[in-house]
Amino acid sequence: MKRPAHHAAADPAGARKLLLPPTPSGGPAGADLHIHTRYSDGTYTPEQLVAAAVGHRLGALAVTDHDTVEGCTPTAAACAAAGLGFVPGVELTAEEGNRELHILGYGFDPAHPRLLERMTLFQNVRQQRIHEMVARLNRLHVPLQVDAVFALANCRAPGRPHVARALVAAGLCGSLDEAFERFLKKHRPAWVPKFKISVAEALALLHTAGGLAVLAHPGLSRVDDLIPALVEAGLDGLECFHVKHNAAQTRHYLQLAARLDLLVSGGSDCHGLSKGQPLLGTVLLPWEHFQQFQARLHQATPASGPGCSG
Ligand code: AMP
Ligand code: FE
Ligand code: FE
Ligand code: ZN
């Protein structure tokens, strides 16, 4: 596998110095390593995302769509054109026991055959789930058409936010919140459980594809008791900075990451306009953490390791 050239390690303050105010260390202010695009349940195209990132003076970003890596190549190109660092990413839904947790993958080869094979399976399951959710709605006499959901989603990895948006667009719900509250939240009448892989499979898949695995928003998932076992199983990092973490949670996970020798990650979990106002720019991974992250990406498997550019 050919690794893209990366410039940040050699010239961390290079192109991005023009985009960001200097920090005390002289580098950019930060990165956003958790963003969804139109390839899953976000709304931004790669070009719109990069324009917004430049507007927020980010130094680097990762696209982490649910169950697809299609956004990585076009976003990498748009980032390169704008002088932004880019890390390929993905968000996988996994389970341990009966508990759901989200694993973020970074720096893998977006063309890795095994990764693409599994993505195709997860996408097929998501599309089938849309059919099942709409069938449930129809049984509740909510006349949503499944084609309307797929037309609105216009992607291979559709999810509940697309059903919610289609319900609002069809005038069947007054708001996205109403759609989730009445129908789509866990255990509500149109909710269909999501297919989840084991944490062990998620970690193995990401590592096989040359990437790193990070536990997403641990403050939301409430799985602290599982973290030591995840580390044992090969977890590489913790998402300490997240839009739904308060200051105490951020501190807690930073301490835990330091204690367990885990990478520190972070991002806004921006979905563009699909959840109201875009969250881009609200949460930054401080630049020194991004540099450590990037160094580890390049260290992981030097000959054929995870790609990232910056
Ligand atoms: P799915 O992957 O299809 O289960 O959908 C998960 C997505 O729905 C995630 O992006 C969540 O943030 C979003 N979501 C979950 N609950 C809500 C809610 N109450 N309002 C808006 N979005 C939600
Ligand atoms: Fe999402
Ligand atoms: Fe998540
Ligand atoms: Zn997310």
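Of the 310 residues in the protein, 47% are buried. The model is predicted, and its secondary structure amounts to eleven helices and nine strands. Among contacts between residues at least 6 apart in sequence, 71% link residues at least 24 apart.

- The shell around ligand 1 consists of D41, H66, G159, R160, P161, L176, D177, F180, K185, K194, H271 and K275.
- Two helices, α5 (160-169) and α6 (176-184), each contribute at least two residues to the shell around ligand 1.
- The greatest contribution to this shell comes from α6, which provides three residues.
- Domain 1 (28-111 + 199-300) and domain 2 (119-184) each supply at least three residues of the shell around ligand 1.

**Nonpolar cores**

- In soluble globular proteins, nonpolar side chains tend to be buried together.
- The largest nonpolar core contains 62 residues, and A31, L61, I103, A202 and V214 have the most contacts inside it.
- Beyond its neighbours within four places in sequence, I103 is in contact with L92, A94, V199, A202, A213, L215 and A216.
- Another core, of 19 residues, lies apart from the largest one and includes I130, A166, A179 and L184.

**Strands β1 and β2**

- Strand β1 (residues 30-32) runs parallel to β2, and two bridges join them.
- A31 has A60 as its bridge partner in β2; A31 is also among the residues with the most contacts inside the largest nonpolar core.
- Side chains in a regular strand alternate between the two faces of the sheet.
- Strand β2 (residues 60-63) is covered on both faces, with A60 and A62 buried on one side and L61 and V63 buried on the other.

**The buried residue S268**

- S268 is located in the loop between β8 (263-267) and β9 (285-286).
- Why does S268 count as buried? S268 is buried because 24 other C-beta atoms lie within 10 Å, whereas the cut-off is 20 or more.
- Leaving out residues up to four places away in sequence, S268 touches D32, H34, I35, V243, L279, L280, T282 and V283.
- T282, one of these contacts, is 14 residues from S268 along the chain, and the C-alpha atoms of the two are separated by 6.3 Å.

How values were computed: Residues numbered from 1 in each chain as written. Chains lettered and ligands numbered in written order. Predicted model: local features only at pLDDT ≥ 70, side-chain atom pairs only at ≥ 80, totals over all residues. Near = placed C-beta within 6 Å. Helix = DSSP H or I, 4+ residues; strand = E, 2+ residues; numbered from the N terminus. Domains from an automatic or database assignment. Core = buried A, V, L, I, M, F, W, Y, C linked by C-beta atoms within 7 Å. Buried ≥ 20, exposed ≤ 12 C-beta atoms within 10 Å, placed from the backbone. Contact = placed C-beta atoms within 7 Å. Pairing = 2+ DSSP bridges.
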